[in-house]
Amino acid sequence: MKEAAQKNLTRLIQSLPQAFAREAEFLHGEATENARREYIGFCEEVPVFPLHAPCGDEPYRLVLGRYANQYFGLAQAAEIDSIRAAIDSLGDVTDVERELCLAAMLIASTVCTTGPHFAQPRQALSLRGFKEIIERRSRSVLWEFELALRRLATRQGECRPFRKVTNLDWFDAVEQFDADVGTSRPAAVYFDPPYSKLQYSRYYHVLNVLIAYDYPSVSGKGRYPPLEQRFSSRFEFNAGSAKREFVRVFETCRSRNLHVLVSYSDTGFIPITDLAGLMKEVFADVIVLSERIRHHSQGVILGDGQGHVTEFVLVGRP
């Protein structure tokens, strides 16, 4: 894989040697206010790579064309593309081995991304922020990939391994789970639905693209794919649709003699008292657990009096 990755990376760097060299000066030079202003200009003027899939023997360049100097540095984007090229070049490997490599790629990309998530790119609005950005973008995705792959390859299997992982609609997933566990009871289903209109997919849309690697069109500050290609949930439309969906969840699981655990927040569409009431109409026993926690913003602790929420877990037992 190293040879295939290096071949792709070399060709990308040779296509724009001055841009890659200039980035290296920023990442390994002195972090000053003047450098911060110049780096902002560099990021805005980053060369545009073709957005279409490569033709013939052209190198992989999806991440460079969409996320360079946004969620990743220029060199990091080229490294991710090159890792993906190496994975796709693998010949006689099992599905498990290929998925292991893809998982390591996601781990490395997450470790090296500029911000704490993929909802929107982080900006160098202050000298402190600039220093944090160049620290993250100085990290080698190739090195992190190899480290993650070695760790995954030597990890011991779980004593109670996952039977199956799916991306089905929740109703189909519950039906499949019920069929898998058969008559074994007690059995429980855990739901962690969206609380608001904010689509959860905005926090991992880049990772989805890295796996699909299908060269989607992107737009906006967040480099999001088209709306029809983003995952959405009936829990996030409005309070009315969310309530109807919860009723369907509770009745579906109760009819199959399944316990239900729901994670929710006091900032959600539906008041906790209303959600607990819906659950009590269906289940014989309902328990409400809560914990006061403090959220962060872009990985930074908010000021006094900010970010405090109460997270709940509601348990319904047939």
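**Exercise 1. Leaving aside its neighbours within four places in sequence, what is Glu 245 in contact with?**

Before we start: this is a predicted model, where local features need pLDDT of at least 70, side-chain atom pairs count only at pLDDT 80 or more, and totals for chains, interfaces and linings use all residues. Residues are numbered from 1 along each chain as its sequence is written, and side-chain values use heavy atoms, with hydrogens and water left out.

*Solution.* 
- Step 1: find the residue. Glu 245 sits in helix α11, residues 239-255. (Helices are DSSP runs of H or I with at least four residues, strands are runs of E with at least two, and both are numbered from the N terminus.)
- Step 2: look for partners. Once those neighbours are set aside, Glu 245 touches Trp 170, Arg 234 and Phe 235. (Contact means heavy atoms within 4.5 Å.)
- Step 3: check the cover. Glu 245 counts as buried because its relative accessibility is 6%. (Buried is under 20% relative accessible area, exposed is over 50%, and partly exposed is in between, using a 1.4 Å probe and protein chains only.)

**Exercise 2. Work out the order of the strands in the open sheet, then see how they pair.**

*Solution.* 
- Step 1: read across. The four strands go β1-β2-β6-β3, with mixed pairing. (Two strands pair if DSSP finds at least two bridges between them.)
- Step 2: look at the edges. β1 and β3 (285-294) each have a single partner strand, so one side of each has no neighbour in the sheet.
- Step 3: On average, neighbouring strands here are turned by 15° against each other, direction ignored. (Axes are lines fitted to C-alpha atoms, for helices over the stretch in contact, and angles run from 0 to 180 degrees between N-to-C directions.)
- Step 4: take the pairs. β1 and β2 run parallel, joined by four bridges; Phe 191 has Val 262 in β2 as its bridge partner. β2 (residues 259-265) and β6 (residues 308-317) are antiparallel over six bridges. Here Ser 263 is opposite Val 313 in β6, and Ser 265 is opposite Glu 311 in β6.
- Step 5: check the cover on β2. Five of its seven residues are buried, so this strand is mostly covered.

**Exercise 3. Find the residues that line the largest pocket, and sort them by class.**

*Solution.* 
- Step 1: get the volume, about 1600 Å³. (On a 1 Å grid over the protein atoms alone, a pocket is an open set of points with protein on both sides within 12 Å along at least five of seven lines, while a cavity is a set where a 1.4 Å probe fits but cannot get out; lining residues have an atom within 4 Å of a point.)
- Step 2: count the lining. There are 38 residues, and Thr 166, Leu 168, Ala 173, Val 189 and Tyr 190 lie nearest the centre of this pocket.
- Step 3: trace the largest share. α9 gives seven residues.
- Step 4: sort. The lining has 21 nonpolar, eight polar and nine charged residues. (Ala, Val, Leu, Ile, Met, Phe, Trp, Tyr, Cys and Pro count as nonpolar, Asp, Glu, Lys and Arg as charged, and the others, Gly among them, as polar.)

**Exercise 4. Where is Pro 186 found, and what is the peptide bond to it from Arg 185, cis or trans?**

*Solution.* 
- Step 1: Pro 186 is in the loop between α9 and β1.
- Step 2: that bond, from Arg 185 to Pro 186, is cis, with omega near 10°.

Key
Grid points are joined across faces, edges and corners, and a volume is the space filled by probe spheres set on the points.
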